[in-house]
Amino acid sequence: MPTSGWKQRLDTWRGVSPIERDLTPYRDLLAAVNREGESLAGATEVHLKDHAAALRTQARAGISPDELLAETFALVREVADRTLGLRPYDVQVMAGAALHRGRLVEMQTGEGKTLAAVLPACLNAWGGAGVHILTFNDYLARRDAAWMAPVYAFLGLRVAAIQEGMSTEARRDAYAADVTYATAKESGFDFLRMHLARSPEEVAHRPFHVALVDEADSLLIDEARVPLVIAGARDTAAPDLRRLASVIGALEADVEWETDEHARNVLLTERGYDRVEAALGCGDLHADANVRLLTEVNQALHAHVRLHRDVDYLVRDDRLELVDEFTGRVMDDRRWPDGLQAALEAKEGLPIQPGGQILGSITLPHFLRQYPRLSGMTATAQSAADEFEAVYGLKVVPIPPNRPCLRDDLPDVIFSHREAKEAALVREIQQAHAQRRPVLVGTRTVEESEALASRLREAQVTCRVLNARHDAAEAEIIAEAGRLGAVTIATNMAGRGTDIRLGGSDEAERQQVVALGGLYVIGTNRHESRRIDDQLRGRAGRQGDPGTAQFFVSLDDDLMTRFGIDALIPPRLRPAQDAPLDHPLVRREVERLQRIVEGQNHEIRTTSARYADLVEKQRVTLHAWRRAVLLGEVSLGVAMTHLPERYATWCTQVDTEVVEEAERAITLHHIDQAWADHLAFVADLREGIHLVGIGGLDPLHEFHKQVAEAFSTIHATIEADTAASLASLDRTTDGLNLGGVGLGAPSATWTYLVNDRALSDLQAALFGKGSSAFSAGAALTAWPLLLGWGLWRRFKKTSAE
């Protein structure tokens, strides 16, 4: 959670603050860089290239990067000036030094993080081990690699970018470059694929060295709950989910289903159970025979109530596309867990995709810890400084802007109801547009952005919409958002990474826009994180430009109603009126509610990490062995031990290397299958583990105990399965026939979001939590509790009658 003011001051006084406010070390390094730079100003191109070659030679001879920092930064600064016409400012040099020292750098929007990252990237690339610059999307990876390429090429360094859809060969070549730009997701998926490779040639990554993370708060915090999952398609039984969706869709809200306090979970009422049971003709849903059906009912209910088209997902080309709640972007290849995904597809009348078996999974925090050296940069880091240090060991270094920020951050305009807010928004945008002042409006959802655009067009205000429906045109729209008279509506701007220049591409317009007060940024909602609000504000006032930012909020916005604003503000202070509410208590409680939500989300991430840490340690152990098997670094001896006579016969009939290669291939297959089975067990256990709390046991302790017990037998299982497969091998004229063993490889990849909030309510624990419902596998182990719950429900119903 964000650090409170008094604790922040105390930590600073004690010298343990997660925020490094003393910039003296970086100013000293800047002075050294400036001294080195004096001798380079008049140097010829040949001299600069020779200097770069000498630095590279020193680095590969073992000279520490710290010793080469001043010379390298001065050289890169001079080369950037000559090749790009961009000379890193002093603050960018300080930021580069902080990145090299493994810090999380906070730089305001428009301060040049892309160029600042080139300084430490070159310094750490001299040694040849490779540097990864992890961006937020493929467009930024491609853009930044091409934009900065002249600097790297001049210095004799090769740069490449990873893009979705590249072949393994192209990826391996890109990772072999001195500097590689990629999204964290793509690099993470390549890491998972590496641990499914059946030959060294299938491995794209080389050993990790240094990672610089752009838009770090989005990747390290907002995405921390999202595991990267690689899965192989499998056929599953296809229940009548369409009929189920129809039955659930006909239920009456607040009568046959209801939500919990913060609308995170949805539950059937007694009347709801009765109606569903009658419609399906299934008898008691809580009967042992209906365990799976009960799970499917709950998934369908969650899909119907909690997930909304054009808010949580889009429907395009007969398929679901999930929308990132933090950025408004479509998330490629991301799915909800199979049951929920299928329930949504049934709800929307789409073809129901087959489920999959998880073959590998890793969270972004665990993936990023694979890098021996990690640093990052973002415009909004201080409010999450405690979490950055606790989870990643990264202290935050706030870098001052090159020019003072002139943006005017106006107080929120708060309304009692949404209609009043929407009318005020249209009037405010109309007024600014009449003056030809550019306006950027940040909305929370695709649905809201298109509704607002429709109202503006009715008011004769021309606007452009940037949301998950038009992400391909993103850069073009943003580039022109600072033009005279431009009105741009965008879903959440976090992670966009594209500057808005006043006047757009027409420099002649710049002074006119400046005279009008610069870009006017309007937020139509408060978000669940203040960092997201600050990202939106930061689009105005870049590099000393003027600008204004203001949020329009209503007390019946989704965030306010879900988290109980009614309980925080007395009715007398929130009368229904078209004019804004202007009471200090109203303003204070709106801000407090946002802090409450941040605290809840922090708890979700913390809980998720507690459950994931042990599984990650097991993954590291197993995959270290797998890698040794893949590279032939260990002697297996399964055939020799379990099938000595057959092994001896094979070795006389075919080359010994052929036998060992067959054993290696089969062992790799069974390692992968055993890990997939272990992950399936972990998933089922995780979904139902809260039930042990009913008996007074600690769910986390029991989870760790059972997962550890399951993993303790995994090596024995792999060896036994490998021996059984070897026993079924046939010899052919070409050697040993592996075709009958069924060695398979993953055929699909996706990611999904798992909400790991612990629940206290028995019914929620049994029948649904967060964004994934109680799994059928876990339910099968808990049938006595299910039966008990059903008996209690029937008893309660009989008593009521």
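This note covers aromatic rings and the charges over them.

1. The model is predicted: local features need pLDDT of at least 70, side-chain atom pairs count only at pLDDT 80 or more, and totals for chains, interfaces and linings use all residues. Residues are numbered from 1 along each chain as its sequence is written, and side-chain values use heavy atoms, with hydrogens and water left out.

2. A search of the whole structure gives eight aromatic pairs. Rings of Phe, Tyr and Trp (its six-membered ring) pair if their centres lie within 6.5 Å; planes under 30 degrees apart are stacked, over 60 edge-to-face, the rest tilted.

3. One of the pairs is F191 with F367. It is tilted, at 5.6 Å centre to centre and 55° between the planes. The pair links distant parts of the chain, 176 residues apart. F191 lies in helix α9 (residues 184-194) and F367 in helix α15 (residues 364-368). Helices here are DSSP runs (H or I, at least four residues), numbered from the N terminus.

4. F367 also pairs with Y371. Their centres are 5.8 Å apart and their planes meet at 80°, so this pair is edge-to-face.

5. Are these residues buried or exposed? F191 is buried, at 3% relative accessibility. F367 is buried at 0%, and Y371 at 4%. Buried means under 20% relative accessible area (1.4 Å probe, protein chains only).

6. Ring pairs join F191, F208, F367 and Y371 into a cluster.

7. Two charges sit over rings. The charged end of K49 sits over F154, 5.1 Å from the ring centre. That of R526 sits over F551, at 5.7 Å. The criterion is NZ of Lys or CZ of Arg within 6 Å of the ring centre and within 35 degrees of the ring normal.

How values were computed: Helices (H or I, at least four residues) and strands (E, at least two) are DSSP runs, numbered from the N terminus. Buried means under 20% relative accessible area, exposed over 50%, partly exposed in between (1.4 Å probe, protein chains only).
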